[in-house]
Amino acid sequence: MLEKLKEEVYQANMQLPKLDLVTFTWGNVSGIDRVSGLFVIKPSGVAYEELKPADLVVVNLKGEVVEGELNPSSDTPTHTVLYNEFPKIGGIVHTHSPWAVSFAAAKMDIPAMNTTHADTFYNAIPAADALTEAEITEDYEVNTGKAIVRTFQERGLDYAATPGALVSQHGPFCWGEDPAKAVYNAKVLEVVAQEDYHTLQLTRADSQLPQYLLDKHYYRKHGQNAYYGQNSAASKTHAKKTRK
């Protein structure tokens, strides 16, 4: 079942240690097949060097295991909430990458302070509220997903334009159009968290990107006028213009 998706999710999971996004087994990637309404996720607590595509677990959008011999990631309920509430996403990543966790521990958004950030995230990466004792007792992983969704609703954020969030005192969750893109976004988040940390050590001056520079870099890569790379909507016409 979903063998092609399993291979994609397996490859995306294997990128986490290669990109220094996980320590030990502290992370997971999933990917969804929107036609069947099923998603594939890493099993809980399995070391990356031992992981095989056949180990991956298939889950439905109620969070029920449909196929697999191993227990799915303990974060499966959080993935389930996000797939149900963010219907355009195709992959989700959770890590405990240290620079992102530093901002999460401080309950701070990762501010948009440079164009590296603006190329991928159109807003500051929000830090959702830390869960209350009651939320943790009731259903920790489900309420983790709800905290992220609530933050996007309260702030009026577009989850497609800001493909990631922190959960305060916990860590980052990222998503994308597929599992590979979700991992890419998780790495960008970690890089900008590190860059922002150092910027904040160097100066107390306002280092927020001006809106016009944020717009320029974000829309170079996104939308109907994007021209970055070889296959963006306007890349060919932009290249002709710059050759004149």
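Predicted model: local features only at pLDDT ≥ 70, side-chain atom pairs only at ≥ 80, totals over all residues.
## A helix tucked inside

Let's start with helix H2, which covers residues 76-85. Seven of its 10 residues are buried, so the rest of the structure largely encloses this helix. The buried ones are Thr76, Thr78, His79, Thr80, Val81, Leu82 and Tyr83.

And what does the covering?

Searching the whole structure turns up 10 aromatic pairs. Take Tyr218 and Tyr219: their ring centres are 5.2 Å apart and their planes sit at 90°, so this pair counts as edge-to-face; the cut-off for that label is over 60 degrees.

The two partners have their own surroundings. Tyr218 has 6% relative accessibility, so it counts as buried. Tyr219, with a relative accessible area of 40%, is partly exposed.

Rings also gather in a group here: Phe86, Phe152, Tyr159 and Trp175 make up one aromatic cluster.

## Charges over rings

Lys42 has its charged end over the ring of Tyr48, 4.8 Å from the ring's centre. Lys221 does likewise with Tyr228: its charged end sits over that ring, 4.2 Å from the centre.

Definitions and conventions
Residues numbered from 1 in each chain as written. Heavy atoms only, no water. Buried < 20%, exposed > 50% of the residue type's maximum accessible area, 1.4 Å probe, protein only. Helix = DSSP H or I, 4+ residues; strand = E, 2+ residues; numbered from the N terminus. Phe/Tyr/Trp six-rings, centres within 6.5 Å; stacked < 30°, edge-to-face > 60°. Lys NZ or Arg CZ within 6 Å of the ring centre and 35° of its normal.
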